[in-house]
Amino acid sequence: MPGLLEALRDAVGPALFYGAVSPVLKIAVLLFLGVLPLISYLTLAERKILGFLQVRTGPNRVGPWGLLQPIADVLKLLVKEDVIPNQAVRWAFVLGPCLVVAPAFIILGVIPFGPPSGSEGAPSLFIADVNVALLFVIATATIGVYGLIIGGWASNSKFSLLGGLRSAAQMISYEVPQGLALVGPLLLAGSMSLVDIVEVQRDGRLWFFVPQFVAFFIYMVAGVAESNRNPFDLPEAESELVAGYHTEYSGMRFALFFLGEYANMIVVSAVAVTLFLGGWLPPFPSVEALSFLHLSFLPAGLAGLLWFSAKLSVFLFVYIWFRGTFPRYRFDQLMDLGWKWLIPLALANILLTGLLKLLT
Amino acid sequence: MEPPQTSPRQTLLGLEEMELNFGPQHPSTHGVLRLKLRVDGERIVDCYPIIGYLHRGTEKLFELHPFFQNVPHTDRMDYVAAATNNLAYVGAVEKLCGLVVPPRARYIRTLLSELQRISSHLLWLATHAIDIGAMTPFFYTFRERELILDLFEQYCGARLTLNCMRPGGQPYDLPAGWVELCREFVEDFPSKVDEYEGLLTENRIWKKRTVGVGVLSAETALEYGVTGPMLRGSGVAWDLRKAEPYDAYPEVEFDIAVRHNGDTYDRYLVRMDEMRQAARIITQCLDQLPEGPIMAKRPRVLKAPKASEAYYAIEGPKGEIGFYIVGDGTPNPHRCRVRPPSFMNLQVLPEMVRGDLVSDLVAVIGTTDIVLGEVDR
Amino acid sequence: MKKFLDRIMLLDLFAGLGITFKAIFKKKVTVQYPEERKEPAHRFRGMFRLDEERCIKCTLCARDCPIDIIYIDWHQELNPETNKKEKVLDRFDIDVQRCMFCGLCEEACPTEPKSIWLTSKTYELATYERWQNLYVDMDELQDWQVRPEYTDEEIA
């Protein structure tokens, strides 16, 4: 395998290889072997875990422990009839789901799953180390809102429009505390590059979760609201009046909205892990006594990937746990929470962090 | 019957009010209830319930058959709480024909009614919580409800449409071992209620959704004839089990659950308290169960006296359920009119909901605890 | 003070989370139908069964049915062996579409043990075609694969 990669590098030249071919290969591996299976099995995990929370078994008919259930679901959605309402605006109708799913995948391009490689031969476990990665993350996440608005409007239905607008209002109002909460770790790290932020957490001997737990909490709550999950899932609740922006969608387009929601969950969790929980670092990364946690018997990078995945799984479990436990907020209470409580709290956090950094 | 057709009024900023149909098919209307809403943005300006989608002519069916054959029809009115329907009907027949029920049968009837009260409130909690968004109480409450339905199945053979009482007493005696199983269930039950309360009662999201929502003042409730937990949540301590005791209630000790604010949260607390009190009553009944016959002495063909009438009401889980029977000397009733508690409670829905948001409408319908089988008969 | 801390530290939310977390380790209530099945109680009112030999053709069951779905026809015949007039059952149909399994026919039956009873514990009555099992006639009622006797046993 390394021999093949080296031959390829010699063939196209180092600039082109490191600039274009290597990222494309990494994107392919990440997407097809990482994210897409993760999203589909996240749907199964949600149903099983919700089942366990509710003293029942989840799906267990299709394959052992229901492991083939996502495949069955995807097949079902693929062969469903693709309905576009007569009066709908066609180009917008088709564009809506794509605008929800694409930003989620794009953000995954800058998240570091593992440490940068020390040597020339091994690939580093992220696709790009952009030096304004944090800003890029926030900006790309905002594009996802467009997908909702366009999808709700293009369906040409009163309820879809109202649902889409409500959902968009909710997402926009929680973008602000989300962004403000991310400024806390930014101040502590002094750099917007995500790889640098993780490195600072290693050098500083503590994950940012400890000094910045208020920002962590705000980011978690805003993240749950961003992905339209319980307790903030009013736009998708069937027991409320308005059925939501994805009423008119069927088949694979609906699947795209659905998968986009899960992709959003994964992205929010991944960003939280990187910024607050130390990315690929084990707990207490610089303590000598716990250096066995670095798992150095594994190939370079794999240990980091394992730690990252473990933390990501904890976050996803917490998402599902919230869904199984809490009732839903009413829309005006939701907006109250975002504007009146989270934003002042985030601003206070920034002020405090800045003062402390200035004084020490 | 349609509401008066007026054109939608202009509201502030020149916007129009929207007329929305909260249709008969909807996941949270608990049956086929249709509400015509007039909304201004998100606020409900007016609400007009339209019922009748489940009407089956039950009161006419009562007139076609003799008294004891009508008991299965009463099961199907409030299908969630069949035993209390049965009890109201057979009580009315006994009052009409002058039958005296033996003590053991009265105790068994009380046991069944209280078990049914718990079962109905568990279902209410499940659906109310899931309308507001909490999915898990549904599964926990149904786990307990399965145990109650098993008890019913062991007694009379059916889980939901019980047909477990006859005019004059009980058709069968308790099977051997039933009392122990029931006692086991009742001893375990208060800890389960604690579990549901731990999930919901202090939860800030639950409180935000239910405190101050759907307020019903005591005067309005009394004017409309509302009974049951809706009345007791508004501060009026009226419970037919204490005011006009029947069956074994004079001989057991229990408290009436009353709260004073009249909002959804209070009615939730009232019903949780009622479940605990019901467990208490069942324990006492099991301890005090007398021996003896279970069926009164009654003629082979039960005929009502000519030109007689009787009204008998009991406290069902949803309120006061009463039967008014007119007899005419034949084995069939001449006319049998039901006083359905859900129908009376539904009348007050527009009062409670005016001025609230559409999202609150779902919570308020849940707290009214209507069963359309009873509203429409 | 405690209430203030409660609100800040979100203790009520954590209590709820704790309850659901503990539920993961409890025994599941799912019954894996059709491999496992909950056995109905002894008195379960399932599909009915008729025993023609015990039946004395009094038609009390038909009279007592609340929805009048039992159809009985009988005629008198001279039995050559005993030289007495006996009732012979021609038709005993029950309209399965409408039966509500209330058990009043079983209560009305005067024979000891009863000739019609509902304790068959059969509740899986679905068929794939609409015309199957519409009317259950005399022969089918007797060959129904159920427990053959009616006894008043104890439960459990």
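**View 1. A:Tyr219 and the residues it touches.** Leave out residues up to four places away in sequence, and A:Tyr219 touches A:Gln178, A:Ala181, A:Leu182 and A:Ala272. Touching, or being in contact, here says that the two C-beta atoms, placed from the backbone, lie within 7 Å. This is a predicted model, where local features need pLDDT of at least 70 and side-chain atom pairs count only at pLDDT 80 or more, while totals for chains, interfaces and linings use all residues. Residues are numbered from 1 along each chain as its sequence is written, with chains lettered from A and ligands numbered from 1 in the order in which they are written.

**View 2. The nonpolar cores.** A:Tyr219 shows up again here, in the largest nonpolar core, which has 197 residues. Along with A:Tyr219, those with the most contacts inside this core are A:Ile111, A:Val267, A:Ala272, B:Ala88 and B:Ile282. Helix α9 of chain A (residues 251–276) gives the largest share of this core, 17 residues. There's also a second, separate core of 14 residues, and C:Phe48, C:Phe92, C:Cys102 and C:Leu104 are among them. A nonpolar core is a set of buried Ala, Val, Leu, Ile, Met, Phe, Trp, Tyr and Cys residues joined through C-beta atoms within 7 Å. Buried residues have 20 or more other C-beta atoms within 10 Å of their own, exposed ones 12 or fewer, and partly exposed ones fall in between, with C-beta atoms placed from the backbone.

**View 3. Chain A, with 11 helices and zero strands.** Run along chain A from the N terminus and the elements read α-α-α-α-α-α-α-α-α-α-α. Helices (H or I, at least four residues) and strands (E, at least two) are DSSP runs, numbered from the N terminus. Chain A has 360 residues, and 44% of them count as buried. Take the contacts in chain A between residues at least 6 apart in sequence: 78% join residues at least 24 apart.

**View 4. The open sheet of chain B.** Three strands line up in the order β1-β2-β3, with antiparallel pairing. β1 (18–22) and β3 of chain B sit at the edges with a single partner strand each, so one side of each is left without a neighbour in the sheet. On average, neighbouring strands are turned by 20° against each other, direction ignored. Five bridges join β1(B) and β2(B) (residues 34–40) in the antiparallel sense; strands pair if DSSP finds at least two bridges between them. B:Phe22 stands opposite B:Leu35 in β2(B).

**View 5. B:Gln25, in a loop of chain B.** The loop in question lies between β1 and β2 of chain B. Why does B:Gln25 count as exposed? Because B:Gln25 has 8 other C-beta atoms within 10 Å. C-alpha to C-alpha, B:Gln25 and B:Val358 are 17 Å apart in space, though 333 residues apart in sequence.

**View 6. Where the two domains of chain B touch.** Domain 1 covers 12–50 and domain 2 covers 58–376, with bounds from an automatic or database domain assignment. Their C-alpha centres lie 30 Å apart. Here 14 residues of domain 1 are in contact with 17 residues of domain 2. On the domain 1 side, strand β3 of chain B (residues 43–50) gives the largest share, six residues.

**View 7. Chain B against chain C.** Chain B puts 25 residues into the contact and chain C puts in 23 residues. On the chain B side, α2 (71–75), α5 (136–156) and α6 (178–200) are the elements that give two or more residues. α5(B) has the largest share, five residues.

Conventions:
Axes are lines fitted to C-alpha atoms, for helices over the stretch in contact, and angles run from 0 to 180 degrees between N-to-C directions.
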